[in-house]
Amino acid sequence: MKRSKDGQSVRYLIVDDSVFARKNLARMIETFGGQVAAEAGDGLTAISEFDRTHPDIVLMDITMPQMEGIEAAERIVQQHPEARIVMVSSVGYQENIVAALQRGARHFVQKPVKPEVLYEVIKYVLGEDGAVANAAGAGA
């Protein structure tokens with residue numbers, strides 16, 4: 001997946017308190033042709049890493065120590081309205097999904113993450129404003 005504006009790989013910030021989950025998402029992203037800009041294990045670190053790396057998309061867990069993903073997403077979007085945040089969580093209750101979307105997340109992916117589902121969601125979220133030019137990868 002490439003950005004249409006400059007043809008560079010889509011850059012991701014992966015936020016999850018589980019190292020295993022972050023590595024799993026990073027592996028999927030690399031098969032999509034994306035690049036991991038940074039990783040974070042909690043919401044507070046996610047905010048500082050977003051400010052530092054300005055990723056194209058954020059994959060954010062909900063349940064984390066220090067600051068949960070929904071609050072971190074809200075704070076990032078307040079500072080960066082253009083931020084594209086996809087919540088990735090096993091806590092897929094409707095109330096969490098609605099809260100995440102109301103606070104600025106663009107989409108929601110249920111864990112365990114299926115690569116083909118994540119790919120389609122990312123393509124959709126990036127395509128909202130024509131930001132994605134090349135869609136080669138899982139399921140394509």
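The following dialogue discusses a predicted model of a protein.

Colleague: How many helices and strands are there in the protein, and what pattern do they follow along the sequence?

Modeller: There are five helices and seven strands. Read along the sequence, they give the pattern β-β-α-β-α-β-α-β-α-β-α-β. The radius of gyration is 13 Å, close to the 14 Å that the globule rule gives for 140 residues, so the protein is as compact as a globular protein of that length. Along its principal axes, the C-alpha trace spans about 35 × 30 × 25 Å.

Colleague: How much of the protein counts as buried?

Modeller: Of the 140 residues, 47% count as buried. The protein exposes about 6,800 Å², and carbon and sulfur atoms supply 48% of that area.

Colleague: Why is His80 called buried?

Modeller: The relative accessible area of His80 is 12%, and a residue is called buried when this value is under 20%. His80 is therefore buried. This residue is found in the loop between α3 (69-79) and β5 (85-89).

Colleague: What makes the pair His80 and Asp51 a polar contact?

Modeller: The two side chains come to 2.8 Å, and the cut-off for a pair of N or O atoms is 3.5 Å, with one atom able to donate a hydrogen and the other to accept it. The pair therefore counts as a polar contact. Leaving aside neighbours within four places in sequence, His80 is in contact with Phe50, Asp51 and His54.

Colleague: Which residues of helix α2 are buried, and what covers them?

Modeller: In α2 (residues 43-53), the buried residues are Gly43, Ala46, Ile47, Glu49, Phe50 and Thr53. Their cover includes β2 (11-15), β3 (35-40), β4 (57-60) and α3.

Colleague: What is found at the start of α2 and just after it?

Modeller: At the start, a side-chain oxygen of Asp42 reaches to within 3.0 Å of the backbone nitrogen of Leu44. Just after α2, His54 takes a positive phi of about 45°, although His54 is not a glycine.

Colleague: Why is His54 called partly exposed?

Modeller: His54 has a relative accessible area of 45%. Buried requires a value under 20% and exposed a value over 50%, with partly exposed in between. His54 is therefore partly exposed. The place of His54 is in the loop between α2 and β4.

Colleague: What makes Gln66 exposed?

Modeller: The relative accessible area of Gln66 is 67%, and exposed means over 50%. The conclusion is therefore that Gln66 is exposed. Gln66 lies in the loop between β4 and α3. Its phi is near 65°, a positive value in a residue other than glycine.

Colleague: How do you know that His107 is partly exposed?

Modeller: His107 has a relative accessibility of 27%. That value falls between the cut-offs of 20% and 50%, so His107 counts as partly exposed. Its place is in strand β6 (residues 107-110).

Colleague: Which residues does His107 touch, not counting those up to four places away in sequence?

Modeller: His107 touches Ile85, Val86, Met87, Leu101, Val121, Tyr124 and Val125. Met87 is 20 residues away from His107 along the chain, and their C-alpha atoms are separated by 6.3 Å.

Colleague: Where is Ala37, and what does this residue touch?

Modeller: Ala37 is found in strand β3. Not counting residues up to four places away in sequence, Ala37 touches Arg11, Tyr12, Arg52, Thr53 and Pro55. Ala37 and Tyr12 are 25 residues apart in sequence, and their C-alpha atoms are 5.3 Å apart in space.

Colleague: What joins Lys111 and Pro112?

Modeller: A cis peptide bond joins them, with omega about -5°. Pro112 is found in the loop between β6 and α5 (115-127).

Notes: Residues numbered from 1 in each chain as written. Predicted model: local features only at pLDDT ≥ 70, side-chain atom pairs only at ≥ 80, totals over all residues. Heavy atoms only, no water. Helix = DSSP H or I, 4+ residues; strand = E, 2+ residues; numbered from the N terminus. Buried < 20%, exposed > 50% of the residue type's maximum accessible area, 1.4 Å probe, protein only. Contact = heavy atoms within 4.5 Å. Rg over C-alpha atoms; globule rule 2.2 N^0.38 Å. Areas by Shrake-Rupley, 256 points an atom, 1.4 Å probe, with all protein chains shown as cover.
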